[in-house]
Amino acid sequence: MSVNLARDTMEVLRLLASRRAASVTETIRRAISVLQFVEDEVAKGNKLAVVETDENGEQRVREIVLMG
C-alpha cells in the first residue's frame with residue numbers, strides 16, 4: 001500500500017514514531033487502532049475526556065468534541 005502525506009504530516013508521523021522508538025508503519029497501525037477505539041466509543045454514545053491535573057493537584061475534566 002502506498003500513502004501520500006503532506007510534508008508537515010510526515011514530520012509529525014516521524015516525531016511520533018521516534019517518541020515511541022517505533023517504526024512509521026507501527027505508528028500508523030497504532031493511530032488506526034486509536035481512531036477505531038474513539039469512533040466505536042462515540043458510536044455507543046460515550047464521551048471522551050482528558051483529565052488535567054494542575055500544580056496544586058486539582059483535577060479538571062475537559063470533554064473532547066469530535067467534528068464530523
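**A short tour of a 68-residue protein**

Hi everyone! Buried residues make up 9% of the 68 residues in this protein, where buried means under 20% relative accessible area, exposed means over 50%, and partly exposed lies in between, using a 1.4 Å probe and protein chains only. Two notes on the source: this is a predicted model, where local features need pLDDT of at least 70, side-chain atom pairs count only at pLDDT 80 or more, and totals for chains, interfaces and linings use all residues. Residues are numbered from 1 along each chain as its sequence is written, and side-chain values use heavy atoms, with hydrogens and water left out.

Now, the fold. You'll find 2 helices and 2 strands, in the order α-α-β-β along the sequence. Helices (H or I, at least four residues) and strands (E, at least two) are DSSP runs, numbered from the N terminus.

What about overall dimensions? The C-alpha trace spans about 45 × 35 × 20 Å along its principal axes. The radius of gyration is 16 Å, while a compact globule of 68 residues would have one near 11 Å; this radius is taken over C-alpha atoms, and the globule rule is 2.2 Å times the number of residues to the power 0.38.

Let's zoom in on Thr27, in helix H2 (residues 24–43). Is Thr27 buried or exposed? Thr27 counts as buried because its relative accessibility is 9%. Leaving aside residues up to four places away in sequence, Thr27 touches Leu13, Leu16, Ala17 and Ala22, a contact being heavy atoms within 4.5 Å.

One last item: among contacts between residues at least 6 apart in sequence, 5% join residues at least 24 apart.
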